[in-house]
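Here are my notes for anyone opening this one for the first time. Have the viewer ready and follow along point by point.

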Amino acid sequence: MIGLFLWAINKGYDLTDEGFYLLGYTYPEEYSSSFTSFNLLINKVLSPNHTSIIGYRLASLFTTITAGLLLAGGVWKWIREKYHTNSLPYWAVACLFVSGNFLQYSIFPRTIFYNNINSFCIAVFASSVLLYSAYPSAARFKGRHVLLFLGGAFVGLDLFVKGSSSVIALGTGLAVIGLSAGLANVREWYKPVGLVVLGYLAGIAVFFLGIQSPLVWQANFVHETQLLLKTSYNGGLLVRYLKDSYPVLRTLVYPFFLFVLLSFFLTRAYLRNKLRLSPVVQLGIGLLILAFMVYEALRTDLYRNTHLNHNRSIVWFLALMLVVLAMFSAAYLEQPHKKVKWRKLIIAGWLLMLPFVGAVGTYNNLFINIMLDINYWLALLCILYVSMPAIAHSTVVRVVVFLVPALVIAEQYTYGLLYAPYLQAANMLQQNVPVTLGSSHTPATLQLDAKTAAFMGDLKQTMKQAGFEPGMPVVAMYDMPGLVYMLDGISPGNPWIFGQLDLRNCDALAKTRMDVTKAFLLVNEKPGPELLTCMASHGMRFPEGYREVKKLLSPYNPNQYNWRNYQDTLTVYAPVADSAAQ
């Protein structure tokens, strides 16, 4: 997976999300007012004077691998101490978790972005809580208090990346610490809880002292929250989440629940010594199960990238978790003397929640964003694995717990990255024409498909002949921040001029400090009346104040996802000098 990522690191370019992030990192002074301040954090760490698009992709790779290794360390130590077993080597957990983090590249761009940062911060915090709860006393591991403070600091910084996830992660993490120690035993939990809270406040202080003043942030936050409620959440997120859950539950009931029942009864029969099949019969059953799963994957398109399969890929992991839980339940019924410790159940319940914690607040399909934090469910599989001593060394169990999820992740990642790269005109195997981006700040040469490369070359030449110079404002209507970045322009007020969200677009024009009367226009869809009105109020009288330069056919639309396929023609407009002066 790492090798495939590095092979593709200079290939492809998404004109929407990836361009949006790059503009935010490159011009933080223009985009300092937003609901999330992740671009300010990244700009502070990775200066645009030294970081190109390749550098931002490498940063994403770093957080992906590091988060997996840190979380694997916390889970491995917790399992080792609580179960007194060495049957689960660290390398196995680490490989599984690093693979799990690569799942995001099947459904999102590769540039580091807010969900990537959010997942990293929560992983650091979760690892610190697991390491703390793994040891009965500080004498065993004195550094656990330092790690708790650092975990709290990272989730405190996460408040400015994805506030909803940060607050819920903090609250649930503190509850886990308190409940694990016993709420009545105040001496056991007041110190770790206090350290996490101090770390959280320290993370907030770092942001306010080094990134943005609290008064500016507060004013921006209030303004952006009001704007967000007007433009994005009118239908209610809870209702949207419930609607999104239907195809997941439907696919889980059939065909996957059949495997859950079979797992329970076959495991119980095996433990009762009532099932001793010959190797030939076992092989035949395995082949039949494999054939049935392949048939269902083809029938429902579950093998495809999540954006193409009605958001049902998450059922693979839900079904795997239920299958292993069924095996555990069967083993537990045959060994009733083994008590399930309630402290272990608290940790297991928290791990079950954390993918939802990382995803909550998104306007996207909730079950797509859950896949960014699938490692917490993989951690549950590991815990269930070591909880089944009677069958823990069974080849079948090892395959189900480790090999099957690794193969599913590898398939989804490979298919998504190679054959359905996020919102691009062609797959990665067709990206072989060099194009240089970011010539006025930090240049990088990317390999793009022939049609997209020719389109960008024509657009750049057209803009230059019309008098455009790097650093000038460009209003791209709509959904084309990547073209603005490619031209070395600046989208005034907001990196992304959104289709169907002219209230937000007007807000961007109102808060920019740029002279928008000099802005060039890229139009692929007729501007809405609300946007035309606010453009006129800022001296941008369209269309009479502009001259049409050229029409270009965009290979990006329709893209492989067939989104925005009506935005197939791009028209370039230059401001008329007399109109701009008036």
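1. Which side chain meets that of E224 in a salt bridge? The partner is R504, with 3.4 Å from N to O. Keep in mind as you look that this is a predicted model. The two residues come from distant parts of the chain: E224 belongs to helix α10 (residues 214-231) and R504 to helix α20 (residues 502-511), 280 residues apart. Both E224 and R504 are buried.

2. Salt bridges with shared partners connect E224, R504, D507 and K511 into one network. Over the whole structure, there are 8 salt bridges.

3. Another one to click on is E18 with R57, where the closest N and O atoms are 3.0 Å apart.

4. For a contrast in setting, go to E544 and R541. They form a salt bridge too, and the closest N and O atoms there are 3.9 Å apart. E544 is exposed, because its relative accessible area is 53% and the cut-off for exposed is over 50%. R541, at 32% relative accessibility, counts as partly exposed.

5. Now the nonpolar side of things. The largest nonpolar core has 164 residues, and the members that touch the most other members are Y13, I314, L459 and L522. Which helix gives this core its largest share? Helix α13 (residues 314-334) does, with 15 residues. Another core lies apart from the largest one; it has 17 residues, including V475, I497, L509 and M535.

6. Aromatic rings deserve a pass of their own: a search of the whole structure turns up 37 aromatic pairs. Take F5 and Y105, whose ring centres are 5.0 Å apart with the planes at 55°, so the pair is tilted. F5 is in helix α1 (residues 2-7), while Y105 is in the loop between α5 (90-101) and α6 (114-134), so to speak a link between distant parts of the chain, 100 residues apart. Both F5 and Y105 are buried.

7. F38 and Y114 make a second tilted pair to look at, because their planes are at 50°; the ring centres lie 5.5 Å apart. F38 is buried, with a relative accessible area of 5%, whereas Y114 counts as partly exposed at 22%. Both belong to one aromatic cluster, made up of F20, Y21, Y25, F38, Y56, F108, F113, Y114, W496 and F498.

8. Two arginines sit over rings. R144 lies over the face of Y132, at 4.0 Å from the ring centre. R240 has its charged end over the ring of Y363, 4.2 Å from the centre.

9. R144 also brings us to helix α7 (residues 144-157). The buried residues of α7 are R144, H145, L148, G151, G152, A153, V155 and G156. As you read that list against the model, remember that an α-helix has 3.6 residues a turn, so residues three or four places apart point the same way. The buried residues of α7 pack against α6, α8 (163-181) and α9 (186-210).

10. Last stop: S166, which is found in helix α8. What does S166 touch, leaving aside its neighbours within four places in sequence? Its contacts are V155, D158, L159 and Y200. One of these, V155, is among the buried residues of α7. S166 itself has 0% relative accessibility, so S166 counts as buried.

How values were computed
Residues are numbered from 1 along each chain as its sequence is written. This is a predicted model: local features need pLDDT of at least 70, side-chain atom pairs count only at pLDDT 80 or more; totals for chains, interfaces and linings use all residues. Side-chain values use heavy atoms; hydrogens and water are left out. A nonpolar core is a set of buried Ala, Val, Leu, Ile, Met, Phe, Trp, Tyr and Cys residues joined through side-chain atoms within 4.5 Å. Buried means under 20% relative accessible area, exposed over 50%, partly exposed in between (1.4 Å probe, protein chains only). Helices (H or I, at least four residues) and strands (E, at least two) are DSSP runs, numbered from the N terminus. A salt bridge is a side-chain nitrogen of Lys or Arg within 4 Å of a carboxyl oxygen of Asp or Glu. Rings of Phe, Tyr and Trp (its six-membered ring) pair if their centres lie within 6.5 Å; planes under 30 degrees apart count as stacked, over 60 as edge-to-face and the rest as tilted. A charge sits over a ring if NZ of Lys or CZ of Arg is within 6 Å of the ring centre and within 35 degrees of the ring normal. Contact means heavy atoms within 4.5 Å.
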